[in-house]
Amino acid sequence: MSPAKESEVHTTQNPRPTSLDVGSSVLNVGCSGAGSHSTHGGLKDLDYSILQQCMHCGMCLPTCPTYDATKMERNSPRGRISLMRAIADGKMDATRTFGEEMYFCLGCLACETACPAGVEYGHLFEVARSEVEKSGALNNPRRNAIRSVLLKGLFTRPRLLRLVGRGLWFYQASGAQWIFRTLKLNALLPKKFRNLETQTPTARATFSCDIIRPVEAHAAPRHRVGMLTGCVQDIILSDVNRDTVDVLLANGCEVHTPKVQVCCGSLHAHNGELETASDLARRLIDSFDLENLDAIITNAAGCGSHLKTYGRLLEGDAAYSKKAAQWSVKLKDIHEFLSEIGIRQPQTTATPHRVTYHEACHLCHGQKITKQPREVLKSIPGLELVELPESTWCCGSAGIYNITQPEMAADLQERKLKNILSTGVDTVATANPGCHLQLVDGARRAGRTLEVAHPISLLAMAYRAEKVVG
Amino acid sequence: MTAKFKSLAAAQFPHIARLEEKEDLIPYSFDGTATFQTMPDLVLFPTSAEEVAGLVKNAGECGVPVVTRGSGTGLSGGSIPVEGSVVLCLSKMNRILEVDEKNLTLLAEAGAITLDVATAAEKAGLFYPPDPGSMKISTIGGNVAENSGGLRGLKYGVTKDYVMGLEVVLASGEVIFTGNKCVKDVAGYSLRDLFIGSEGTLGIVTKVLLKLIPKPATRRTLMAVFATMESAAETVSAIIAAKIIPCTLEFLDAVTINCVEDFAKVGLPRDAAAILLIETDGHPAAVAEEADRMAELARQHGATSVQVAETAEQASALATARRAAFSSLARVAPTTILEDATVPRSELAKMIRFIQETGQRHNLKIGTFGHMGDGNLHPTFLTNERNHEEMHRVELAMKEIFDFAVSLGGTITGEHGVGLAKKEFLKAATSDLNLEIMRRMKSAFDPAGILNPRKIFNA
C-alpha cells in the first residue's frame, strides 16, 4: 500500500463564504426574508471526509439510471464524486462539462441506497450544483433568465405562483388550450418546448386554502399536526392535500394548515440555489407553531426528502439552527407518520381493486420509506397490491429533469410505463407530484388508460365510503 | 507514442467509442482499490474480439501499454491505468451468447455482468456458484482475470473451477480459443488455465465458456454466537471432521459485530467474540439432517446461542448481520482497506488472534470477517488516507499480517489478486524460482510488455 500524496489532514467543518456569494445574494430578487447571509461554500469548503467516504467500490453503478443508459463512468455516482474530489483537490476547475454532468444526474439517490459506505451523495450533489452556479460555467442569457424568473421570482412568491396557477386554470377551462392545440400553434414554439405544452398539467379550480380550513379537528384529537400544502401540489393536486387532511382527521389528529405557505426550497437546493433555499426554509419554519405541534406532515416525497434536511441547511445560522434541527425531527412523511401512530383500518366492505405502487425516489431512496406506503395500501379493504417490477427505478420526472433533459426523461418514462403495464393493473399509486404527472403523461403517450393516485387518496376514499355506509 | 496510437486507432476504428477529455478520464483513473490513482491517456470501448485484436496490434506497433478493464471493481488495483496507457473497457461486450442445457455450459462475452450470468443459468434451472461481493456489477472477464472467489468457496470452489474455455486476444494481436465443452480434455498444455488469474498481463479475455451445475433443491441457514474465538474455530473443525461441507461458513469478529450493531442494530450480543453464519444446501433430507447436526456441534463446542431458520424470511434475517458486515465497517472511517490474507483452515484461530493483537499493537482499528470455511479472511483497516502517520502504521501492520499468514502456510491474497496493492508482498508468498518462471511466462506471451505492465511484478 502506498499512502496518498496529499499534504495535510483536512477537515474543514465551517464552510466559509466565497466572494461569489456576494453576487448571488444581489441576484436574490425574490427573497426579502431576514438573514440572507451566505452560509454555503463550494466543493473546496466541504468537509472533505464526505467526499473521501466514497471508496469507489462500484456498487452504485448498477442502480444508477444514467450509468445504465451510457455505461460511462462519468455518468455514474462514483465517477461524479471523483470529479467533485478533483475540484476539491484543486486538480480541476468547475468546467462547463462538469456542470453539464451535474445536471445530467437525476438526483434520484438510488446510489445512496446501494452505497455500502453511506456516502451522502444527495448533499454532495447539491453542493456541486451550487458550485456550478457560482462558477457560472453554464451561464448563458436564456438559461439565466429562465432560472431567475422561475427559481428566484416565481417559486419564492406563493401568491404570485397561485396567480399563475389561476391563469393556467383559466387557459385550460376557457377553451384557450383547446384552441391552441387544435390550431397546432405548438409548432410556433422552439423545438425543445413543443413537447412541454402537451405535458402541461391540468390546474385545479381550487387551491388548498379554499378547501382546507386553518384548523380542523374531530372530537378529542390525540395528535396535533401541521400540514404542508406544497406549491406544485397546491396548484394541480390540491385534492391530495384535502385527502391527506381527511386521513389525518380519521386517525385522530387536529390539523393546522397555514393559508399561505412558501415553496419548501427543494427545487432551489437541487438546482444549485442553496441561499434561496435557506431563505425559503426560514420562512416556512416561521409559518408554523413548531413548539406546539407533534409533527409537521408532508405528502410529497421530493419535498419531504428536502424538508428533513433543514437542520443541516441552516446549521450555520445562529438564529435558526435550533429551530431547524427541531423541524427536521418533527417533519414526517404522511405514510411514515400513519405507520408510527398506527393506521385505523377503514370499516368498509371490500371492493376488489388491484393496484401497483411506484416508489418515488425521494421516498424510497431519499427517506428510506418503503414499507409504510405499502402498509397504507394494504390497510384498504379489498385492495390487492401487485408488486411493480423495478419499483424503485426513477420514472424520469426528477424535479424539472424532464424539462432540462427531455430525452433521458422520456426513456425512463417509457421503461416505467412498460413495467406498470406488465402488472395488468389499472391503477398505479405514487406519492410525489412530479412522478404523478410523469405517469399521467406517460400513459397518455402510450395511449393507455391508467389511473394515477396518491396512496393517501385511495385511503381517504375508503374512509369516505365508510361514512356513506355508516 | 500515444499520439501515433490515437491516430492509428481513429483511422482504423472510427466507430469505437473513445474518451480523451479530462472530465471523462478522471473517472477511469481508479478502480475499487483504496489509495491508488493514475490517469490513462485514452479510454476505448471495443465491441468485439476483432476490434480488441486490432487495437492491441496498433498498441504493439506504437509501444503503448494496454490496460483492460471491466466494471472497475477490483480490490488490488489490477485495472488501474499505468502512465501513458490506453484503457480498453469491455463493458459494451456484455452479451450472454448461449446457455447449453445439454452440456451444462454458458458462453458469454467478457463484459457480461456476473449477476446476469447467474440469472441466465437460473432461468434454465441451473446454477453458477461463484458469487464475488461485487457480482451485481463485476464482469465475468474480470472474474476470470482475478480468479474471483465468493462466499461459496468451501463447497463449490472459485471462478477457475467453472471455466471450460476462453477466447483470448494475445499481445501479438492474434486471437485464440482455448478449451471446449468437453469435461475431459488432455490434448496438450491447458493454456486456458494460464490465463485464469493472470490479471490481464498475458492476454485479454474476450469470451468465457463456463460450466454450470444443477441448482440445489433447498437450503437451510443457521447462526451461532460464541464467547471466544477458539470455540468458533473448534466448531468449524468439528463440522468438517463430521464430513459436512456447508456451502457457506462465514465469520464475524468482535470489532465487526460491534460495528454491525452500531449501524444496523440487528440485536447481536456486543460481548460476543465471534459469530458464525452457516448455510447448507442440497437434497431436502440431507440439508435438514446436516443443519441439525451442525447446530448440535456448535452447542457442544460452546456456542452461547444457535438459531436455525425455519423459513426463507428467517434465513434472510439471520444473514443480515453478515450482509451488513462490510457496509457497517465501511462507515466507520473515511478510508476502508479491505485485505484478504488467507491461511489453511486449521490455522484460522491463530491468524485471527494475530490480526487482533497487531491492530492493538499499532493502535489501529481492524475489523475481521470472512470465509471461515476456506480460510479466506478479510481484515478490514478503518483509517484515513490523509493521515500519513496512521497510514504508515497501517503499512507496518499489513506487512506483519501477511508475513504471519505466509508463516502459517497461507498466502497474501485469497481472492483479490496482486495487481499493484500486493506487489511488494508477493516475494514473501512465493519462491524466487516461482517468480522467475512467472517472469519467463510473461515474456513468452508478451515480449514487448504492453499488456498491463508492472502489475503483479515488475518484468
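Predicted model: local features only at pLDDT ≥ 70, side-chain atom pairs only at ≥ 80, totals over all residues.
**Reading strands, a helix and domains**

User: Zooming out, how many helices and strands does chain A have?

Analyst: Chain A comes to 26 helices and nine strands. Of its 470 residues, 50% count as buried. Then look at contacts in chain A with a separation of 6 or more: residues 24 or more positions apart account for 80% of them.

User: Over to chain B. How do I read helix H8, and what span is expected at 1.5 Å a residue?

Analyst: The idea is to set the span from first to last C-alpha beside the expected one. Helix H8 (residues 229-241) of chain B has 13 residues and reaches 19 Å, close to the 18 Å expected. Just after H8(B), B:Lys243 takes a positive phi of about 65°.

User: Which residues of H8(B) are buried?

Analyst: They are B:Met229, B:Ser231, B:Ala232, B:Ala233, B:Thr235, B:Val236 and B:Ile239. A residue counts as buried if 20 or more other C-beta atoms lie within 10 Å of its own. The buried residues of H8(B) pack against several elements of chain B, including strand S12 (218-226), strand S14 (274-282), helix H10 (284-300) and helix H12 (348-361).

User: And the domains: into which ones is chain B divided?

Analyst: Chain B has domain 1 (2-89), domain 2 (96-214), domain 3 (216-326) and domain 4 (333-443). Take domains 2 and 3 of chain B as an example: their C-alpha centres lie 30 Å apart. Six residues from domain 2 of chain B and seven residues from domain 3 of chain B make up the contact.

User: Which helix gives the largest share of the side of domain 2 of chain B that touches domain 3 of chain B?

Analyst: That's helix H6 (residues 153-156) of chain B, with three residues. By class, this side of domain 2 of chain B has four nonpolar, no polar and two charged residues.

Note on methods. Residues numbered from 1 in each chain as written. Chains lettered and ligands numbered in written order. Domains from an automatic or database assignment. Contact = placed C-beta atoms within 7 Å. Helix = DSSP H or I, 4+ residues; strand = E, 2+ residues; numbered from the N terminus. Nonpolar A, V, L, I, M, F, W, Y, C, P; charged D, E, K, R; others polar. Expected span 1.5 Å × (residues − 1). Buried ≥ 20, exposed ≤ 12 C-beta atoms within 10 Å, placed from the backbone.
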